[in-house]
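Let's take a friendly walk through this protein together. Have the viewer ready, and follow along as we go.

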Amino acid sequence: MMEHVTFVGMGALGILFGDAFVKCLGPEQVRFLADGERLERYRREGAFYNGEPCDFRFSDGSDGPAQLLIFAVKSPDLEDAIALAEPVVGEDTVILSLLNGVSSEETLSAAFGPAKVLYTVTQGMDAVREGNRLRCQSRGITYIGRPAEDYFDREEKVDQVVALFQRAGLAVEKEADVEHRMWCKFMLNVGVNQACMAYQCNYGAAQVPGEVRDTMLAAMQEARKVGACMGVLVTQKDMEEYVAVLDALNPQGMPSMRQDGLAKRKSEVELFAGTVLALAKRFGMRAPVNQKLYDIIREMETNC
């Protein structure tokens, strides 16, 4: 049974899941890794979830190996997070990634060995983070599984992690085709994250007919097509179902990429449009909507 959780990253999902695990396991069984000035700042300022202080513990990793290691950073910070976490990865450590996109699991597998890494998709959260404060009404759902071509016996690890999420009161499902779900989520993020960033708007503008929604849907179609070239069939029905997930969110909420823009943080445009454009080039396709979004967002970042 899993009894100890280590986080790398204290963004929106780090705070959300960290708070749930602390309330389930107790504060001594949950830690956030950091070093240098960031560690001191975390210890000094802490974190807040819906206005209440979180009982988090912060560590430089010198207090032993991780049992369940959860990466909750943004994609530009993944390499630094891997270096930070390397000393706490032991023989029996199980690793999850809460990052957007479809590549972080491969990166973590290359760093720590594929047998340690489970595949994870989170969706339906309406979390909004401002500094060390998180507001969230819907905690969404997490899907956990292993790749279709799995050469390692990870079934027991999947079951253990699913059981831990259930104990913490988090909505979770064991996903048989987790790579398909990852591409569905990626498709949605390519659309809504980038459209809200480029048009500087909340979910509400993407939930009603108009230019924002049209751009979002067109970007999603391009992502769906490059996914098919990669051997992952995301259907039109899948797309409609994921748009329905978006339409159910709080119109005043905003995706993480728009939050990054407001906070003047580096966005994940390379992860979204950048990935679509690279794959489109590889397969001899065009992706004009993602190219337009990529150019707009890069220009916005240059002018920050």
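This is a predicted model: local features need pLDDT of at least 70, side-chain atom pairs count only at pLDDT 80 or more; totals for chains, interfaces and linings use all residues.

Strand S6 covers residues 68-71, and strand S7 covers residues 94-97. The two pair in the parallel sense, with four bridges between them. S6 also pairs in the parallel sense with strand S1 (residues 5-8), again over four bridges. On that side, Phe71 in S6 is the bridge partner of Val8. Between S6 and S7 comes helix H3 (residues 78-85), and S6, H3 and S7 make a right-handed β-α-β unit.

Now look at the side chains of S6. In a regular strand, side chains alternate between the two faces of the sheet. Here Leu68 and Ile70 point one way while Leu69 and Phe71 point the other, and all are buried.

Next, turn to the packing. The largest nonpolar core has 47 residues, and the ones that touch the most other members are Trp183, Phe186, Val192 and Leu246. Among the elements that each supply at least two residues to this core are strand S8 (119-125), strand S11 (139-145), helix H8 (211-229) and helix H12 (288-302). Helix H6 gives the most, with 13 residues. A second, separate core of 42 residues includes Met2, Met10, Phe56 and Leu68.

Gln259 lies in helix H10 (residues 256-262). Is Gln259 buried or exposed? Gln259 counts as buried because its relative accessibility is 7%, under the 20% limit. A polar atom of its side chain lies 3.0 Å from the backbone oxygen of Ala127. Leaving aside neighbours within four places in sequence, the contacts of Gln259 include Val128, Arg129 and Arg265.

Finally, check two backbone angles. Most residues other than glycine have a negative phi. Asn50 is not a glycine, yet it has a positive phi of about 50°. Asn50 sits in the loop between strand S3 (48-49) and strand S4 (52-53), and at 35% relative accessibility it counts as partly exposed. Lys264 likewise has a positive phi, of about 60°, without being a glycine. Its place is in the loop between H10 and H11, and Lys264 is exposed, with a relative accessible area of 60%.

Methods
Residues are numbered from 1 along each chain as its sequence is written. Side-chain values use heavy atoms; hydrogens and water are left out. A nonpolar core is a set of buried Ala, Val, Leu, Ile, Met, Phe, Trp, Tyr and Cys residues joined through side-chain atoms within 4.5 Å. Buried means under 20% relative accessible area, exposed over 50%, partly exposed in between (1.4 Å probe, protein chains only). A polar contact is a pair of N or O atoms within 3.5 Å; within protein, one must be able to donate a hydrogen and the other to accept it, and residues adjacent in sequence count only if both atoms are side-chain atoms. Contact means heavy atoms within 4.5 Å. Two strands pair if DSSP finds at least two bridges between them. A crossover is right-handed if, with the strands pointing away from the viewer, the path from the first strand over the helix to the second runs clockwise.
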